[in-house]
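Here are my notes on this one, written as numbered points. Have the structure open while you read.

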Amino acid sequence: MSYQPSPLRLQREEARRLASRRSTWLALLSTVVVGVILILVVTGSPGFARVRETFFSAHYAWKALPQVLSGLWLNLRVMLIAEIFVLIFGLLIALARTTKSPVLLPVRLLAAAYTDIFRGLPLLLVLLLVGLGIPGLQISWLPNSAVLLGTVSLVLTYSAYVAEVIRAGIEAVNPAQRMAARALGFTQTQTQRFVILPQALRKVTPPLLNDLVSLQKDSGLISVLGAIDAIRAAGIQTAQSFNFTPYLVAGALFVALTIPLTRFTDWLTRRQDRARQQQGQW
Amino acid sequence: MAGKILEIKNLRKSFGQDLVLADLSLTLPEHSVKVLIGASGSGKSTLLRCVNLLEAIDDGEIFLDGEDISAYGIDPDVVRSSIGSVFQSFNLFPHLSVLENITLAPRHVHGKSKMAATNEAMELLARFGLAEKADQYPDLLSGGQQQRVAILRAVINRPKVLLLDEVTSALDPILIAEVLSLISELKTAGMTMMIATHEMGFARQVADELLFLHNGRICEVGDPAILLESPKTPELQDFLAALRGAGRL
Ligand SMILES: Nc1ncnc2c1ncn2[C@@H]1O[C@H](COP(=O)(O)OP(=O)(O)OP(=O)(O)O)[C@@H](O)[C@H]1O
Ligand SMILES: [Mg+2]
């Protein structure tokens with residue numbers, strides 16, 4: 001026998017359809033209203049003509065683009081290299097902080113001191129101390145390239161953040177998992193590698209990616225050491241023309257670089273939430 | 001006469017002032033199944049945890065297949081790799097599929113190749129009606145299925161002895177039945193087991209010998225039917241009366 005939807009169900013579905021159509025219209029309307037108000041306020045402001053000329057000039061944007069892009073290429077390389085080292089060091093520091101072995105107490109203390117200091121120090125300060133301090137020592141075999149020292153500063157600072165995120169993940173794994181692994185005969189190290197870390201990293205992937213997004217954007221700060229990155233390149237252009245559009249170009253490019261990673265993070269978070277919902281763990 | 005797989009001599013264990021196991025001795029011959037019963041807090045779990053070296057003992061000795069595993073300098077990882085333990089909370093690894101859960105220890109603790117471990121695991125899963133679950137993740141299985149997988153995860157390593165601690169306590173009656181029938185099959189296959197349980201029906205069915213624990217001592221020992229029908233000590237009489245009162249006997 002074929003199923004006949006009851007009138008009640010049809011009625012309910014009709015009501016739901018109406019409600020959803022109504023909310024679509026409302027969303028559209030409110031977006032348009034807010035947009036119009038914003039445009040009116042900004043374009044109606046007394047200084048608008050000047051601002052448009054100094055920040056949104058198509059002419060200067062086009063002129064600055066090649067230099068800014070080649071600066072961005074430097075940012076891109078710094079980001080990628082820093083990210084790789086940050087993930088490696090962050091993981092090592094997190095592991096050092098979560099070991100229980102008494103022999104490793106000094107390592108544990110050092111790791112704790114390191115994360116405390118570098119999470120507290122403003123990145124700008126680290127950049128200045130490392131980038132100006134190390135060349136100042138005039139030790140011949142130490143590098144004094146602004147790019148290299150800037151990257152080192154990024155790695156120093158972000159390894160501390162990432163280590164804390166990973167450590168939180170390790171501590172969030174149910175202790176019974178460790179016990180079950182040990183009961184099967186796994187050593188401490190094997191337990192960490194096959195059972196604890198995979199679960200920990202899965203738990204903290206979204207906050208971890210967030211830190212990487214933040215690192216990408218902060219790679220622009222190495223310009224304070226004189227490295228010709230996108231921001232520095234924009235600054236040079238601006239100094240020549242007294243037009244700030246190149247900065248806006250650099251900003252737009254940075255945003256464009258981070259958007260894929262932020263979207264990916266959102267997508268991952270949503271997927272994990274859905275998985276958790278299915279397991280009823282709310 | 002089969003050899004002794006497990007021999008415990010004068011085992012003493014306390015938590016602070018709290019004496020949990022008081023000079024307890026027992027032997028477990030090969031292929032035998034002994035079941036521990038007793039009130040909550042009588043020391044059943046502690047005893048099992050001492051045997052697989054998850055608890056440090058105060059005094060006494062534990063021999064596994066003739067070797068003193070309570071001796072100083074014994075590597076607990078090696079000992080545990082030859083003991084199977086399954087707990088009330090199944091503790092399957094949630095990031096691994098059923099098959100990966102079962103093959104992880106054979107591959108990395110017992111040095112089997114991936115293929116050998118997989119073949120063996122699939123055979124075991126098929127034998128116990130879980131073959132079609134091999135690629136699923138534990139979260140999607142019923143409690144009974146999860147617990148059976150947890151038992152197979154221990155069994156695949158061919159442990160000298162299998163320790164089961166209240167493996168059915170977290171399950172519904174229907175799911176309990178499928179776990180218990182798995183354990184009965186293991187007994188038929190000759191597995192040496194020590195089991196702590198509150199399921200008297202199961203204890204009677206599977207035990208070669210029943211051990212009644214009371215305040216960290218073995219208070220009464222014997223054939224399950226005899227022990228449950230005509231308890232001699234007042235402690236066991238009280239315990240059974242309480243169970244009967246709760247409708248659990
Ligand atoms: N880690 C611990 N620290 C302190 N006391 C403990 C610890 N583990 C167990 N105990 C104590 O040891 C005693 C025996 O506990 P155990 O878990 O062995 O009992 P059990 O017979 O398994 O009980 P149940 O039937 O409830 O599982 C209890 O009094 C308990 O409070
Ligand atoms: Mg217990």
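1. Let's start inside chain A. The side chain of R97(A) makes a polar contact with that of E164(A), at 3.0 Å; a polar contact here is a pair of N or O atoms within 3.5 Å, where within protein one must be able to donate a hydrogen and the other to accept it, and residues adjacent in sequence count only if both atoms are side-chain atoms.

2. Before going on, the ground rules. This is a predicted model, with local features needing pLDDT of at least 70 and side-chain atom pairs pLDDT 80 or more, while totals for chains, interfaces and linings use all residues. Residues are numbered from 1 along each chain as its sequence is written, chains are lettered from A and ligands numbered from 1 in the order written, and side-chain values use heavy atoms, without hydrogens or water.

3. R97(A) has a relative accessible area of 19% and so is buried (buried is under 20%, exposed over 50%, partly exposed in between; 1.4 Å probe, protein chains only). Beyond neighbours within four places in sequence, R97(A) is in contact (heavy atoms within 4.5 Å) with R108(A), A111(A), A112(A), T115(A), E164(A) and R167(A).

4. How much area is buried between chain B and chain A? About 1,800 Å², with carbon and sulfur atoms giving 64%; that is the accessible area (1.4 Å probe) the two parts lose on being put together, summed over both. D77(B), F93(B) and H95(B) supply 30% of what chain B buries against chain A, more than any other three residues. In residues, the contact takes 21 from chain B and 18 from chain A.

5. D77(B) turns up again in a salt bridge, its side chain meeting that of R182(A) at 2.9 Å, N to O. The count between the two chains is one such bridge, defined as a side-chain nitrogen of Lys or Arg within 4 Å of a carboxyl oxygen of Asp or Glu. Five residue pairs are in polar contact between chain B and chain A, both at pLDDT 80 or more. On the chain B side, α2 (76-81), β6 (83-86), α3 (98-108) and α5 (143-155) each supply at least two of the residues that touch chain A.

6. Lastly, cysteines. There are zero disulfides over all chains (cysteine sulfur atoms within 2.5 Å). For C50(B), the nearest cysteine sulfur is that of C219(B), 20 Å away. C50(B) counts as buried because its relative accessibility is 0%, whereas C219(B) is partly exposed at 24%.

Notes:
Helices (H or I, at least four residues) and strands (E, at least two) are DSSP runs, numbered from the N terminus.
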